[in-house]
Amino acid sequence: MKIRSIKIIGLFDILGTKKRMTTLGIDGVLTTYEKLASFVDKQTGSMVIRSVPVGDGTFHPAVGWLEVEKGYFSDTFLLWADYEVFRLPAFMQMCIDLFCYGLELGIPL
C-alpha cells in the first residue's frame, strides 16, 4: 500500500463566468483559463529557500522545489501541492500572485 502525502490546496472560484461565456464564448474563456494555467506552470519548479526552526531555538536554511499541480473546470481553478512547512509560504505567495494576475487579466478570483 502506497502512503499518500498531505496536500495543501488552493481553491479559486472564478467570478462572472456566465457573463464572460456570453461575451467571449467558450474559446475565449478557455484562452483565459489557459493563461492562468501557464502562469502556474512558470512558477512550478522554482527554488524555495526558507529558514526552518530546528527545535533548539535556532533556524537553518532549507532548500527545495515548489511543485504545484493545477486543474480547472467550469468556474473553478484549483492548485495543490505536497505539504511541507518550508514550502507553505511559497505556495501561499503563488496563490496571492495568481489572484493578482487574474485581476490583471480581468478575471476576478
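This is a predicted model: local features need pLDDT of at least 70, side-chain atom pairs count only at pLDDT 80 or more; totals for chains, interfaces and linings use all residues.
Some overall numbers. We've got 109 residues, and 31% of them are buried. If you take the contacts with a separation of 6 or more, 58% are between residues 24 or more positions apart. The accessible surface is about 7,300 Å², with 61% of that belonging to carbon and sulfur atoms.

Now the aromatics. Searching the whole structure turns up 3 aromatic pairs. One of them is F39 with Y101: the ring centres are 4.8 Å apart and the planes sit at 10 degrees, so that pair is stacked. F39 is in helix α1, residues 17-43, and Y101 is in helix α2, residues 88-104, so the pair ties together parts 62 residues apart in sequence. As for cover, F39 counts as buried at 15% relative accessibility, while Y101, at 21%, counts as partly exposed.

Then there's Y72 with F77, also an aromatic pair and stacked, 5.8 Å centre to centre with 5 degrees between the planes. Which of these two is buried? That's F77, at 0% relative accessibility; Y72 is partly exposed, with a relative accessible area of 31%. Both belong to one aromatic cluster, together with Y33.

I6, Y83 and V85 make a nonpolar patch on the surface, about 310 Å² of accessible area together. I6 is in the segment before β1, the strand at 7-13. Why does I6 count as exposed? Because its relative accessibility is 60%, and the cut-off for exposed is over 50%.

Terms used:
Residues are numbered from 1 along each chain as its sequence is written. Side-chain values use heavy atoms; hydrogens and water are left out. Buried means under 20% relative accessible area, exposed over 50%, partly exposed in between (1.4 Å probe, protein chains only). Contact means heavy atoms within 4.5 Å. Accessible areas come from the Shrake-Rupley method with a 1.4 Å probe; for residues, only the protein chains shown count as cover. Patches are made of residues with over 30% relative accessible area and no salt bridge: like charges are joined within 9 Å, nonpolar side chains (Val, Leu, Ile, Met, Phe, Trp, Tyr) within 5 Å. A salt bridge is a side-chain nitrogen of Lys or Arg within 4 Å of a carboxyl oxygen of Asp or Glu. Helices (H or I, at least four residues) and strands (E, at least two) are DSSP runs, numbered from the N terminus. Rings of Phe, Tyr and Trp (its six-membered ring) pair if their centres lie within 6.5 Å; planes under 30 degrees apart count as stacked, over 60 as edge-to-face and the rest as tilted.
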